[in-house]
Amino acid sequence: MTESTEPSRMLAERLRALLGTLPPAEQKVARTLLAGYPTVALEPVAALARRATVSAPTVLRLAQRLGFAGYADLQTALKIELQDRLTSPLTQYDTSFGEAAGPRSRDVFSRGIRETFGQLPDGELERAAALLADGRRPAWTIGGYFSTLLARYLVMHLRQLRPRATYVSGGVHEHAEYLIDIRRSDTVVVFDYRRYQSDIVRFAEQAAARGAKVVLFTDPWLSPAAAVADVVLPATVTTPSPFDALTPAMALVEALVAAIVDEMGEVPRERVSEFDQLLTADREVREY
């Protein structure tokens with residue numbers, strides 16, 4: 001490889017970051033890689049070139065632009081990335097211990113938050129805020145086994161700030177009940193982290209196919225849903241336990257809420273005030 005020191009696990013994120021600056025032919029290769037990520041990048045150069053309808057040298061030029069000596073080096077980095085991408089709590093059991101839990105957790109989570117904001121693609125948070133601050137655009141949130149907590153947390157804030165914010169619950173059959181009402185004017189916020197859930201990816205794909213804007217919260221390796229996302233907000237998941245951390249992702253959600261409030265200005269003040277009045281009235285009734 002060349003002197004690039006950027007982590008190989010960030011390959012998909014690097015592709016997205018470069019996308020708008022690439023020559024048209026290399027952009028076609030990058031889009032093809034992202035659409036079939038990560039398996040498409042494991043194909044031979046000639047096969048990837050055919051898939052992207054470009055020449056083999058174009059594929060090689062993109063690999064070099066990403067900091068690799070050649071396509072073989074890119075594939076080697078991707079194989080290493082895949083090992084991390086597919087890791088489970090069981091495989092992490094032997095890598096997280098040996099130091100007191102308190103100091104270890106403090107350092108890991110603090111570093112994770114700093115890295116998440118430090119590596120955030122320029123303008124992505126603001127783009128997400130602009131979409132969600134528009135009360136005319138119905139908003140939907142959906143998450144996976146653990147990340148559903150983040151989806152619910154975000155929608156609870158959205159409901160106080162604006163109308164038409166819905167949390168998508170249930171499994172595949174229930175998902176269809178929500179999807180039938182999603183339109184081009186909608187914004188769908190998807191939370192999907194490694195050991196990605198096929199039902200969550202499928203929901204994102206179907207929402208995008210119906211014309212909705214998709215905002216994706218994910219990890220540095222990027223959920224397959226990134227292929228259809230309009231905005232991607234990756235967060236580190238490094239953890240002092242066998243389970244991936246959502247602490248940096250939660251910080252990112254709260255930053256998004258702050259950005260939405262900034263974007264909306266004084267608009268939601270009356271709604272928040274009315275919400276407080278209703279809450280107070282409800283409390284008084286229960287106390288009575």
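Biologist: Which loop does F146 lie in?

Modeller: F146 lies in the loop between β1 (139-143) and α9 (148-161); helices (H or I, at least four residues) and strands (E, at least two) are DSSP runs, numbered from the N terminus. This is a predicted model: local features need pLDDT of at least 70, side-chain atom pairs count only at pLDDT 80 or more, and totals for chains, interfaces and linings use all residues. Residues are numbered from 1 along each chain as its sequence is written, and side-chain values use heavy atoms, leaving out hydrogens and water.

Biologist: Thanks! How many helices and strands are there in the protein chain?

Modeller: The protein chain has 13 helices and five strands.

Biologist: Now V59. Why is V59 called buried?

Modeller: Buried means under 20% relative accessible area, exposed over 50% and partly exposed in between (1.4 Å probe, protein chains only). V59 has a relative accessible area of 2%, so V59 counts as buried. You will find V59 in helix α4 (residues 56-65).

Biologist: Which residues is V59 in contact with, leaving aside its neighbours within four places in sequence?

Modeller: Contact means heavy atoms within 4.5 Å. With those neighbours set aside, V59 is in contact with V29, V45, L48, A49, V54 and Y71. V45 sits 14 residues from V59 in sequence, with 6.9 Å between their C-alpha atoms.

Biologist: Last one! How do you know what helix α12 should span?

Modeller: The expected span is 1.5 Å times one less than the number of residues. For the 18 residues of α12 (residues 247-264) that gives 26 Å, and the end C-alpha atoms are 26 Å apart, so the two agree. The buried residues of α12 include P248, A251, L256 and M264. Just after α12, G265 takes a positive phi of about 65°.
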